[in-house]
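Please look at the sequence and the 3D structure below before reading on. The briefing is meant to be read beside them, one topic at a time.

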Amino acid sequence: MSARFGVVVFPGSNCEQDVVYALRFLGYDAAYIWHQDIDLSAYDALVLPGGFSHGDYLRCGAIARFAPAMEAVRRFAELGGPVIGICNGFQILTEAQLLPGALLRNRGLKFICETVPLRVELSVCQWLDLPAGAVVRIPINHNEGNYVCDPETLAGMEVRGQIVLRYCEPDGSRAPEGSAPNGALDDIAGICNESGTVFGLMPHPERVVDGIAGLTDGAAFFAAIARRIEEMVA
Amino acid sequence: MMRYEVYVTGKPGIFDPAGKTTAGALSNLGYAGVAQVRIGKFIQLSCDDSVSLEQLTEMCEKLLANPIIEDYRIEEVLEGAEG
């Protein structure tokens, strides 16, 4: 039985079709969930896609986090269900305080759209099918990706293995002045919760699964979830 | 009707590139004395009398500001204060 992913669509989401396409390309079952839906019992895993939910008004994700579906997402997450937030989805997860910290406007004030190298860190994240130290290339596409949190939160996340992905140089090293094109604290590109079941990241793995754009590094971001679900069902 | 004004600003230490850029522009215009510029948000609310200050505080904590990165200040606009 293949894993059934639910992709939550908010007014202003615009990457939900990419996510569903990528999941179906990889052989998984995927369906859309409207932000007003509250019954998520049909799904094994949830994805909050990128976009500009509610116009990014006030703050990115600030309004979407109060959508009826988000209460169901919270309950799903509390039960250990896999949740991935990509770009605006990551912003929504931080606003909902399902993940620590916040995402500020890019330090250089520019919208950034480019494919960047990312280093996989040693973390408790359960949904990444890649070894620590691996370097992948994934597109980023955002105006508010400058991750911040207070020093105590950062230290705690480091100790608990919640930092999943860092921006890096092509060889996997980190530049002394920082490798994050958006100015993110400690080059952070993706984090997870303490149990490793809620994962948020600014890059868009769904855009690089089928090789059409020349890369397939994104597949590993969905494969671990699917395998875990298939193991649980079996 | 009651009128309230909410000011939302980045917490101290949260880098504000727009403020920094604007400070640079003021300096370029010859205003050498401007030490710092911080740019935030200004939100006006018109409320009926049932809305309490406690509720406004709750609105700020829940939605209007993100307490992780922002501070906020609520000001009541007195009757007749506007022209």
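This is a predicted model: local features need pLDDT of at least 70, side-chain atom pairs count only at pLDDT 80 or more; totals for chains, interfaces and linings use all residues.

Residues are numbered from 1 along each chain as its sequence is written, chains are lettered from A and ligands numbered from 1 in the order in which they are written, and side-chain values use heavy atoms, with hydrogens and water left out.

**Chain A as a whole**

- Chain A has five helices and 11 strands, where helices (H or I, at least four residues) and strands (E, at least two) are DSSP runs numbered from the N terminus.
- Its radius of gyration is 16 Å, close to the 17 Å that the globule rule gives for 234 residues, so chain A is as compact as a globular protein of that length; the radius is taken over C-alpha atoms, and the rule is 2.2 Å times the number of residues to the power 0.38.
- Along the principal axes, the C-alpha atoms of chain A fill a box of roughly 45 × 35 × 35 Å.
- Of the 234 residues in chain A, 59% count as buried, a term that means under 20% relative accessible area, with exposed over 50% and partly exposed in between (1.4 Å probe, protein chains only).
- In chain A, 75% of the contacts with a separation of 6 or more are between residues 24 or more positions apart, and contact here means heavy atoms within 4.5 Å.
- The accessible surface of chain A is about 9,300 Å², and 52% of it belongs to carbon and sulfur atoms; such areas come from the Shrake-Rupley method with a 1.4 Å probe, and for residues only the protein chains shown count as cover.

**Chain B as a whole**

- Chain B has two helices and three strands, and from the N terminus on these elements run β-α-β-α-β.
- Whereas a compact globule of 83 residues would have a radius of gyration near 12 Å, chain B has 16 Å, and its C-alpha trace spans about 50 × 35 × 15 Å along its principal axes.
- The mean pLDDT of chain B is 93, and 94% of its residues reach 70 or more; pLDDT is the predictor's confidence in each residue, from 0 to 100.

**Single residues and their surroundings**

- A:A3 is found in the segment before β1 (4-9) of chain A, and at 0% relative accessibility A:A3 counts as buried.
- Not counting residues up to four places away in sequence, A:A3 touches A:Y28, A:D29, A:D44, A:A226, A:I229 and A:E230.
- B:I14 lies in the loop between β1 (2-10) and α1 of chain B, and B:I14 is buried, with a relative accessible area of 17%.
- Leaving aside neighbours within four places in sequence, B:I14 is in contact with A:L104 and A:V148, and also with B:R38 and B:I69.
- A:H54, in the loop between β3 (45-48) and α2 (68-78) of chain A, has a phi near 50°, a positive value in a residue other than glycine, and A:H54 counts as partly exposed at 23% relative accessibility.
- A:D187 is not a glycine, yet A:D187 has a positive phi of about 60°; A:D187 is found in the loop between β9 (163-167) and β10 (188-192) of chain A and is buried, with a relative accessible area of 4%.

**Aromatic rings and charges**

- Rings of Phe, Tyr and Trp (its six-membered ring) pair if their centres lie within 6.5 Å, and planes under 30 degrees apart count as stacked, over 60 as edge-to-face and the rest as tilted; by this rule the count comes to five aromatic pairs over all chains.
- A:F90 and A:Y147 form a stacked aromatic pair, 6.2 Å centre to centre and with 10° between the planes.
- A:F90 lies in helix α3 (residues 88-95) of chain A and A:Y147 in strand β8 (residues 146-148) of chain A, so the pair ties together parts that are 57 residues apart in sequence; both A:F90 and A:Y147 are buried.
- A:R107 lies over the face of B:F15, at 3.9 Å from the ring centre, where a charge sits over a ring if NZ of Lys or CZ of Arg is within 6 Å of the ring centre and within 35 degrees of the ring normal.
- Within chain B, the charged end of B:R73 sits over the ring of B:Y7, 4.3 Å from its centre.
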